[in-house]
Amino acid sequence: MNNLLPKISVIIRAYNPNEWIFEALESVFNQDYDGVIEVVLCYDRASRTGDVLEKLKAIESSSNRVFKLIVHEHTSPTRALFEHGFREFSGDYVTILDYDNLYPRDYICRIARKINGRDFVFTNPMLMDASGHILGVRAHKDIPKRVSFEALTAYNVCDANGLILSRRAVEILLDHYERTLKKSKLTDLVHEDYFAALVLSMYFKPMYIDEVYPLYRVHESHQTWGEDPVSMSQTLIRDIITLYMVFRALEDKLSFRRKLILFARMFRKMMTSLFYIAGALLPILALPWGLIETLARYIRYAIKREKR
C-alpha cells in the first residue's frame, strides 16, 4: 500500500440492481492502482433484489480495497448521494459509478496522475451496449472548449459517472444541500450532476479530461437515454428545476449577468420542452380526426351508392 497516493472513494448507488453490480464492483476492485480504493455502496432498502443484497453482505475488505455497504430507506438517487454517499466516504477524492457501469482497469490510476490537486474534475463517459460491447460514442458531444459556469448552464455535460471531486468540493456541495435542497419538495427531480457542476464552477476552475473515461452502459430500462418526445421533455423539465435550484443556492453569489443567463437557459429549455410535448400530443390528437375523416368518406360513399 502506497501512503503517498490519494485515497479514492467510489460511490455506487443501487436500486433494484441486477448482476451487473458485481461487474461494476470487480472493475473497481481490480484497478491497477496501488493506493487505497474505498467503495461506498448505497443500497436502497425498497429494492426487490434480496438475493443480490445477501451477496453484497458477504463481500470483505482487504488492506487497500475497502468495502462499505449502506442499506438505507427508499429515496431518490439525488438524496441517496447527498444523504449517504457524500456523508460516508472517507477518501481524499470521490467518484461516482452507477451499478450498471464499469471502470477500465487503468481508470483510477490515470485520473490520480492527472488531477494534480484540482477540486473539480470531470470526464466524458464512453458508451457501451448491454452486453458490454464498446460503441465508440461518448456520452456528450458538446463539451465546451472553455469550461465555465456560463458554458455549463447550456447543457448537462458533467455526467455523475465522470465526476472526480475533492473532499473540499463535497463539503461545499453538502453545505448547499443543507441550505437549499434538503427541505425542498423539488429535490427529487434535481439532476445531481448538473447541480454539482454549476455550484462547484462558482468556487473552482473546472478541469476536463478527455482521454480517460468510464464505460457507460446503455440498455432498454435506462431512463437517461430515451429519445421519444415524452422522455426528452421530462429531461428538460428536470433541467429547468435544476437550474432554478442552482439559482436559489447561489443567489447571493451570482452576478446580475449570470442570473440573466440562468433564466434565459430556463426559458429556452421550457420552449423546447413544450415543442416535444406538442410532438407527443399530435399523434393522439390526429387519431380522432382520422376517425372522423374516415367516417365522412364512408357516408359520402354510401350516399353516392343510394343515388345510383
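Reader: Thanks! Let's start with lysine 259: which helix does it lie in?
Author: Lysine 259 is part of helix H9, which covers residues 256-307. Keep in mind that this is a predicted model.

Reader: Noted. Is lysine 259 buried, exposed or partly exposed?
Author: Lysine 259 is partly exposed, because its relative accessibility is 24%, and buried would need under 20%.

Reader: And what does lysine 259 touch, leaving out residues up to four places away in sequence?
Author: Its contacts are then Phe247, Glu251 and Leu254. Phenylalanine 247 is twelve residues from lysine 259 in sequence, with 7.2 Å between the two C-alpha atoms. As for glutamate 251, its backbone oxygen is reached by the side chain of lysine 259 at 3.4 Å.

Reader: Nice. Moving inside, which residues of the largest nonpolar core touch the most other members?
Author: Those are Phe86, Phe120, Leu165 and Phe195, out of 49 residues in that core. The helix that gives the most to this core is H8 (residues 229-250), with eight residues. There is also a second, separate core of 33 residues, with Phe22, Val28, Leu56 and Tyr103 among them.

Reader: Back to phenylalanine 86 for a second, what does it touch beyond four places in sequence?
Author: Phenylalanine 86 touches Ile11, Leu81, Val94, Ile96, Leu165, Val170, Leu173 and Leu174.

Reader: What about the surface, which residues make the nonpolar patch?
Author: Ile237, Phe267, Met270, Met271, Leu274 and Ile277 make a patch of about 530 Å². H9 supplies the largest share, five residues. Isoleucine 277, for instance, sits in helix H9 and is partly exposed, at 33% relative accessible area.

Reader: New topic! Where does aspartate 98 lie, and is it buried or exposed?
Author: Aspartate 98 is in the loop between strand E4 (93-96) and helix H4 (107-115). It counts as buried because its relative accessible area is 19%, and the cut-off is under 20%. Beyond its neighbours within four places in sequence, aspartate 98 is in contact with Ile12, Arg13, Ala24 and Asn161.

Reader: How many salt bridges does a search of the whole structure find?
Author: It finds 19. In one of them, the side chains of glutamate 73 and arginine 45 meet at 3.0 Å, N to O. That pair links distant parts of the chain, 28 residues apart. Glutamate 73 is exposed at 54%, while arginine 45 is partly exposed at 47%.

Reader: What about glutamate 83 and arginine 87, how many residues apart are they?
Author: They are four residues apart in helix H3, about one turn of the helix. Residues three or four places apart in an α-helix point the same way, because there are 3.6 residues a turn. The side chains of glutamate 83 and arginine 87 form a salt bridge at 3.8 Å, N to O.

Reader: Last one: which helices hold aspartate 239 and lysine 269?
Author: Aspartate 239 and lysine 269 form a salt bridge, with the closest N and O atoms 3.4 Å apart. Aspartate 239 is in helix H8 and lysine 269 in helix H9, 30 residues apart. Both are buried.

Conventions:
Residues numbered from 1 in each chain as written. Predicted model: local features only at pLDDT ≥ 70, side-chain atom pairs only at ≥ 80, totals over all residues. Heavy atoms only, no water. Helix = DSSP H or I, 4+ residues; strand = E, 2+ residues; numbered from the N terminus. Buried < 20%, exposed > 50% of the residue type's maximum accessible area, 1.4 Å probe, protein only. Contact = heavy atoms within 4.5 Å. Polar contact = N/O pair within 3.5 Å; in protein donor to acceptor, adjacent residues only side chain to side chain. Core = buried A, V, L, I, M, F, W, Y, C linked by side-chain atoms within 4.5 Å. Patch = residues over 30% accessible without salt bridge, like charges linked within 9 Å, V, L, I, M, F, W, Y side chains within 5 Å. Areas by Shrake-Rupley, 256 points an atom, 1.4 Å probe, with all protein chains shown as cover. Salt bridge = Lys/Arg side-chain N within 4 Å of Asp/Glu carboxyl O.
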